[in-house]
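User: I am new to this structure. Please show me how to read it, one feature at a time.

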Amino acid sequence: MPSTEIVLADPRFLKAREAVTHVLASQTGTTQEIRADLALKAALDAYAIPSEFWYTGGGCTARYISFGPDSEITEHQLHIVITDDASVDHPIAHHSGWLAMWYGPELDGYGDNELYNREFSLNNPSLADIAHDSASCARAIRDWFDGSATQWIRNEVTLEGIAGPYRCQTRPEHWDGYCAPRFARAVMRQICDDTQTAHRAGRWDAPAHFEGDAVVIVTPRGRAEVLPDQDGHYRPGAFHWPWTEYTDRDATPVNELVQTIRWKYEREADSWTVVAADHGWRVKVIDVLPTPSPVEAPHVKDALFNVLYDAALSSYEVTATGPGEAAATVRAHFAATRADRDPDAAVVVFDMPGVQLPGARP
């Protein structure tokens, strides 16, 4: 998620956080027992995002949001699943977080993108932590739907079975390895042409074409229209097609090592190692794992460095509350420090394995 410095620059975030703190304090008068649903609702209300409580069963609850012109109800819904039973009071430390999933009409039940992913129990639990976390979740949702240009990062993506890669912009958030990019009109037109070619060759069952300003995707289940957002970009997200970030690096040795060592070594507290391919003007995040302790697990740290060095890959050590926040910090670092890099220039690996970056939270 965005860093604390970025978030605090937004006065609406401060309003949302204040609203959450007020609701929780007035609810219980204590920082020990809260309802996560009320905290999230307060933050959404502060951003003028209407939501409804939804009981899901199975020990979880959720809020859902439907977006359309002037906030009218549509088939497009965002489900914010709270991963414990948020309808009753719990000790703060028992709330494990929020998982925001986008659902579209084309493939109902298939989540397009995790806008916010915090799967770990809150560390150092306090009312302030819950307020900040709830406000950050609501802010990510607000930014996703208003198309704020400052939240987009330059990238390249590809589709299996389709030519590419395609220049685009993506958000820091990803879903199960997939991302939801947006494309300039010229790139979107090339994508449409490529899907038509693949469809004629029998390799693609969801070709696209332009009808005026709309991109029409034709699938065996019907049609879906994608209109340009307020910046003129098209977002045929993952609920239409499974987009993945492009890289030409062979990450197989790194993936094999990570699978072998994962959770089998002593780690640095609150530190995450983000394994990445440095493409000069952008970064492809390959994996995120707990940072091995240089004292208790020096052999793991050395093995990881050697494999990354041989594969011409980088890694970044970030202090963060979870892997998603760590990955977002690395993406934001590239967006801020490599903005002047020419995408067509020869790729130079700037950073060696083990670069330390400032954490997303102080």
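**Reading the chain**

Analyst: Among contacts in the chain between residues at least 6 apart in sequence, 63% join residues at least 24 apart. Contact means heavy atoms within 4.5 Å. This is a predicted model: local features need pLDDT of at least 70, side-chain atom pairs count only at pLDDT 80 or more, and totals for chains, interfaces and linings use all residues. Residues are numbered from 1 along each chain as its sequence is written, and side-chain values use heavy atoms, with hydrogens and water left out.

User: How many helices and strands does the chain have?

Analyst: Helices (H or I, at least four residues) and strands (E, at least two) are DSSP runs, numbered from the N terminus. Here the chain has eight helices and 17 strands.

User: Is Ser51 buried or exposed?

Analyst: Buried means under 20% relative accessible area, exposed over 50%, partly exposed in between (1.4 Å probe, protein chains only). Ser51 counts as buried because its relative accessibility is 10%. Ser51 lies in the loop between helix H3 (36-46) and strand S2 (52-57).

User: Which residue's side chain makes a polar contact with the side chain of Ser51?

Analyst: A polar contact is a pair of N or O atoms within 3.5 Å; within protein, one must be able to donate a hydrogen and the other to accept it, and residues adjacent in sequence count only if both atoms are side-chain atoms. For Ser51, the partner is Arg63, at 2.8 Å.

User: How do S14 and S15 pair?

Analyst: Two strands pair if DSSP finds at least two bridges between them. S14 (residues 267-278) and S15 are antiparallel, over eight bridges. In S15 (residues 283-292), nine of the ten residues are buried.
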